[in-house]
There are 2 protein chains.
Amino acid sequence: MLSLVEPYLTRSFSDENHASLEVISTSACHGGVQVFLKHSSEKIGLPMRFGIYLPPQAAYRRVPVLYYLAGLTCTEETFFAKGQAAALAATLGLALVSPDTSPRTANIAGEADDWTFGLGASFYVDATELPWSTHFKMYSYVTRELPQLVASHFRVDPAQQGIFGHSMGGHGALVCAVRNPKTFRSVSAFAPVANPMRCPWGQNAFKRYLGSNQSDWCQYDATELLRQWGYPGRILIDQGGADKFLREQLQPSALVAAASEFNQAVNFRLHAGYDHSYYFVSSFMEDHLRHHYDALSDKTHDAVVALT
Amino acid sequence: MLSLVEPYLTRSFSDENHASLEVISTSACHGGVQVFLKHSSEKIGLPMRFGIYLPPQAAYRRVPVLYYLAGLTCTEETFFAKGQAAALAATLGLALVSPDTSPRTANIAGEADDWTFGLGASFYVDATELPWSTHFKMYSYVTRELPQLVASHFRVDPAQQGIFGHSMGGHGALVCAVRNPKTFRSVSAFAPVANPMRCPWGQNAFKRYLGSNQSDWCQYDATELLRQWGYPGRILIDQGGADKFLREQLQPSALVAAASEFNQAVNFRLHAGYDHSYYFVSSFMEDHLRHHYDALSDKTHDAVVALT
């Protein structure tokens with residue numbers, strides 16, 4: 001099973017640096033390889049799973065890499081099984097990484113009782129409230145530990161990293177990018193929870209993960225963050241018009257209003273008739289990959305970040 | 001929910017002809033619509049589910065249609081969720097139909113005990129042995145009832161129908177096409193069970209569905225059928241070289257040997273490193289759609305069938 005992934009490693013798996021990295025499966029895919037891995041996460045303090053698609057180019061040179069954050073109830077497999085990104089990623093030479101949506105082995109009482117909170121529903125925050133604060137440190141995991149781990153084992157370019165996601169993961173991607181524009185130099189989202197402080201999903205999750213002080217919530221609210229910091233690049237957001245979560249939970253218009261107010265470059269596309277499923281996500285996947293590919297090839301981002 | 005599918009219907013759903021056809025879900029997808037339906041099957045004598053992808057062109061003209069048969073343990077959703085066919089189908093103007101892999105409500109004792117037999121494992125035969133013979137009539141369902149049902153409700157061209165599938169479904173597709181070249185004017189398969197009479201999966205299933213008389217099995221064995229009848233067109237078969245079922249169960253080389261012996265046009269491609277998963281199937285999906293599209297546009301098939 002290792003043989004398929006071996007050409008893509010910067011160092012051999014027999015190296016002790018790989019001690020904590022376990023290959024779960026490898027599958028040839030569009031000329032590259034789809035790999036699922038497990039490792040002992042330092043930030044989370046538990047084993048974590050993630051998937052990586054390595055395009056053929058990553059066997060001989062460092063390639064740009066996109067991080068994808070999935071939505072509520074999803075896992076590290078969802079994006080690779082349903083996202084339909086590999087064909088174009090293989091053509092453009094983009095690596096794709098998707099982590100699980102929460103720790104799975106914290107064994108916290110009630111963690112599986114609510115599909116919008118707990119297991120599969122980390123909201124990509126660093127929880128500060130017990131019992132969640134012990135292991136639910138997904139923000140640090142996604143923005144620091146995982147990119148470092150990936151870059152140390154695979155031929156990806158840490159200077160060409162983008163991030164995107166769907167629903168809860170769209171929220172996560174926007175937050176991670178706006179707070180870390182030097183780490184994530186391109187960003188996009190499918191149907192993101194755009195203003196979580198003002199919707200039931202977000203309020204429930206933030207209260208339990210972060211406590212009752214709403215000023216602590218702003219650092220995880222894309223709309224609030226954009227108001228405060230902006231992002232040195234155009235943000236692509238696709239939204240289905242027939243999405244049943246649009247009005248109550250997602251509220252992209254709040255983000256668009258903030259962008260309008262603060263001169264933030266946004267491409268917001270409302271697609272009539274499309275719902276919240278991966279039939280929607282996959283329909284516009286190619287546009288997102290091209291958005292990132294173009295943005296990561298554009299040196300303007302560097303110049304703007306340098307000025308801020 | 002009906003509104004998305006309405007433009008694609010040849011007659012309104014309020015028409016009593018639709019009485020037995022129930023829409024389970026609709027999702028906009030790549031400019032067309034992904035629909036899942038349930039209906040009361042005459043051949044099966046039970047409710048059956050199927051999915052259909054309607055490309056944008058099917059809103060105003062009859063389009064070619066491809067039937068996809070999924071493999072063991074799969075459902076009518078597998079192909080649409082993981083096959084990555086919709087983007088190109090929308091461009092080419094191809095409708096895609098995929099039925100469930102067996103009846104689900106026969107409630108036969110032990111039907112779920114073996115993942116290679118019974119539920120999700122019909123092998124697309126008309127069973128002749130009790131208790132299976134009462135409802136497991138998938139061959140008649142796929143070759144006659146389903147195409148008629150689809151053509152009577154949606155804008156598809158019955159003169160431009162192809163069939164393909166994966167694993168058990170690759171077997172089914174080959175059998176359906178070779179026995180019905182006027183119904184299915186193009187055929188292809190991903191990792192088909194190519195010679196089921198000679199492999200454990202097929203022998204187990206055929207014995208229990210069809211009885212012990214092996215001469216009754218030939219009509220459901222693609223390799224045997226090709227020896228006897230041939231097919232008036234080129235057959236495309238893709239196979240992963242790292243597929244763990246290749247040597248014991250799939251045996252495409254038996255089919256290739258029959259083709260070689262009987263001057264049957266086959267394009268058999270062995271892809272080194274690829275396994276049996278949808279990471280393999282999706283990697284070559286575009287080639288299959290183009291194979292069917294080209295074959296269905298080629299009038300040679302008609303001429304050859306007319307001669308036989």
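**Notes on the A/B interface**

1. Starting with the polar side of things: 10 residue pairs, both partners at pLDDT 80 or more, are in polar contact between chain A and chain B. Keep in mind that this is a predicted model. Salt bridges are another matter, as the count between chain A and chain B is zero.

2. Where does chain A touch chain B? The elements giving two or more residues to that side of chain A are strand 1 (21-29), strand 2 (32-40), helix 2 (78-82) and helix 10 (278-283). As for make-up, the residues on the side of chain A that touches chain B split into nine nonpolar, 10 polar and three charged.

3. On extent, 22 residues of chain A are in contact with 22 residues of chain B. The two chains bury about 1800 Å² between them, and 49% of that is on carbon and sulfur atoms. Which residues of chain A lose the most area to chain B? They are His30(A), Gln84(A) and Tyr279(A), and together they make up 36% of what that side buries.

4. Now the symmetry. Chain A goes onto chain B with a rotation of 180° and 0.0 Å of shift along the axis, at an RMSD of 0.0 Å. The two copies are therefore related as by a two-fold rotation axis. Both copies use the same surface, too: 100% of the contact residues of chain A recur in chain B.

5. Then go through the 10 residue pairs in polar contact between the chains.

Terms used
Residues are numbered from 1 along each chain as its sequence is written. Chains are lettered from A and ligands numbered from 1 in the order in which they are written. This is a predicted model: local features need pLDDT of at least 70, side-chain atom pairs count only at pLDDT 80 or more; totals for chains, interfaces and linings use all residues. Side-chain values use heavy atoms; hydrogens and water are left out. Contact means heavy atoms within 4.5 Å. Buried area is the accessible area (1.4 Å probe) that two parts lose on being put together, summed over both. A salt bridge is a side-chain nitrogen of Lys or Arg within 4 Å of a carboxyl oxygen of Asp or Glu. A polar contact is a pair of N or O atoms within 3.5 Å; within protein, one must be able to donate a hydrogen and the other to accept it, and residues adjacent in sequence count only if both atoms are side-chain atoms. Helices (H or I, at least four residues) and strands (E, at least two) are DSSP runs, numbered from the N terminus. Ala, Val, Leu, Ile, Met, Phe, Trp, Tyr, Cys and Pro count as nonpolar, Asp, Glu, Lys and Arg as charged, and the others, Gly among them, as polar. Copies are superposed by least squares on the C-alpha atoms of residues with pLDDT of at least 70 in both.
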